[in-house]
Amino acid sequence: MAKNRLEHQVQIQLVQEQERSYPEVAFSVPEEAESIEVQYRYEKNDRSVVDLGLRSPDRIIGWSGGARNGFQIGLEKATPGYLAGPIHPGEWAVLLGAYRVPDEGILVEVEITITLKHPHWLKGDLHAHTVHSDGSYTVSEALASCREKGLDFLALTDHNTASQNRFSVAQEETLLLIPGVEMTSYKGHANLLRHPDALTDFRVLTPEAAAKELRQAQEKGALVSLNHPFCPDCPWELGFDVPFDAIEVWNGPWRELNETAVAWWQQRLAEGRRIVAVGGSDTHRDDPFVRHGVPTAHVYVAEETVAAVLDAVRRGAVVLSMGPDDAFITLTADGVGVGDELEAAPGRVDVELLITIRGAQGDRVSLWSNHGLEQEWTVEGGERNLVCRMPADRLFYRVEARRYLLEWDLEVMTCLTNPVYIAQGTVGESV
């Protein structure tokens with residue numbers, strides 16, 4: 001059993017005298033719980049009917065009667081019929097409704113799994129459209145598409161409107177819904193994420209007007225991402241001195257506009273700027289190439305909440321991949337992960353990099369720093385760890401992977417990590 005999971009298995013014998021009553025299966029919830037999952041089994045027939053529900057220390061959390069074999073609740077996700085929210089420590093109980101109990105009784109088996117908060121990767125799409133602007137997906141259809149692909153979150157980023165965000169307050173069983181809007185002007189596009197009504201006026205045609213609007217969005221708590229800045233149809237023409245938190249270097253399937261964006265980003269990193277790279281599918285409708293989760297944004301969170309997802313984006317704990325189940329790479333420098341900073345003491349010669357690669361298919365994996373391309377490897381399938389010692393005097397290290405597609409005669413990006421930054425310490429500091 002994983003250290004972050006607590007599992008309980010209980011058998012309870014219901015007797016005929018308990019019919020039309022509500023026996024409880026009590027269990028204790030510790031501090032820092034992230035989710036509770038319950039499954040129950042009994043021999044179902046016309047004479048045996050047992051309903052199901054959940055009680056917290058304070059109230060009834062949900063009731064599904066005999067319609068389900070189980071449920072789950074989380075901080076911001078829950079099975080329909082149950083309430084998401086803070087999971088307070090104390091005595092909880094699975095509610096059993098003894099609706100019909102035959103003379104011989106009913107043996108009910110109950111399995112309870114409590115998952116504690118722990119750092120882990122979530123994967124999702126940070127840029128998608130619906131019928132609330134120029135997309136053809138309803139919100140429900142977009143959610144179904146993301147569920148089918150195994151995503152954990154979806155940002156609703158329709159053009160210049162907030163109406164789609166009415167759906168973001170709904171508790172969805174498998175997906176975190178991130179409220180957002182794509183500020184869409186004739187001079188460029190930007191996503192404003194987290195606040196349900198972050199945009200005041202999209203008609204920004206000068207850098208000054210854009211700066212004012214984006215600053216106001218940030219003051220509301222929104223995360224600002226400049227979208228597809230080098231798209232030939234709708235580039236960002238308002239300059240890069242405006243307030244922003246991230247830049248979309250990977251928009252939809254891999255193509256030239258993304259190549260240009262990554263090169264621009266690498267140059268800014270080499271100059272000493274710390275800019276978070278993000279990506280999103282920009283899906284509008286069913287399409288053979290533009291699909292939810294292409295690319296997938298993997299974010300390293302402390303808990304499964306919208307705030308935790310966007311906090312991870314803000315600090316750069318983001319890895320982009322070609323799809324939810326394609327190549328995925330993590331990078332650490334002396335144990336420090338992407339988006340974070342390693343403090344290097346004066347005179348430090350090198351650092352140990354650990355590159356973990358999963359799902360490569362003959363990919364060309366490359367290590368970059370402010371000095372440019374440092375090393376390359378060709379990696380086949382399975383999971384592989386690359387360990388190397390590299391100079392400590394770099395500003396950052398990051399990793400990308402590319403794959404040659406024979407049928408298209410084309411090389412595409414399959415994975416891209418944000419940097420691990422290295423800060424040079426001052427005299428007197430220790431490692």
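Visitor: What makes Ile-247 and Leu-416 count as residues that Trp-265 touches?

Guide: In this predicted model, contact means heavy atoms within 4.5 Å. Trp-265 touches Ile-247, Leu-416 and others, including Val-249, Arg-398 and Pro-419, with residues up to four places away in sequence not counted.

Visitor: Why is the set that holds Leu-226, Val-249 and Trp-265 called a nonpolar core?

Guide: The term requires buried residues of the nonpolar kinds, joined through side-chain atoms within 4.5 Å. The largest such core has 59 residues, and Leu-226, Val-249 and Trp-265 touch the most other members. Helix α4 (residues 306-315) supplies the largest share, six residues. Another core, of 32 residues, lies apart from it and has Ile-12, Val-38, Ile-61 and Ile-112 among its members.

Visitor: What makes β19 and β24 edge strands?

Guide: The open sheet has the order β19-β18-β21-β24. Strands β19 (336-337) and β24 (383-391) each pair on one side only.

Visitor: Which classes make up the lining of the largest pocket?

Guide: Pro, Trp, Phe, Met and Leu count as nonpolar, and Pro-253, Trp-254, Phe-289, Met-322 and Leu-405 lie nearest the centre of this pocket. Its lining has 13 nonpolar, two polar and five charged residues. The second largest pocket is lined by four nonpolar, seven polar and seven charged residues.

Definitions and conventions
Residues numbered from 1 in each chain as written. Predicted model: local features only at pLDDT ≥ 70, side-chain atom pairs only at ≥ 80, totals over all residues. Heavy atoms only, no water. Pairing = 2+ DSSP bridges. Helix = DSSP H or I, 4+ residues; strand = E, 2+ residues; numbered from the N terminus. Buried < 20%, exposed > 50% of the residue type's maximum accessible area, 1.4 Å probe, protein only. 1 Å grid on protein atoms, 1.4 Å probe; cavity = no way out; pocket = protein on both sides within 12 Å on 5 of 7 lines; lining within 4 Å.
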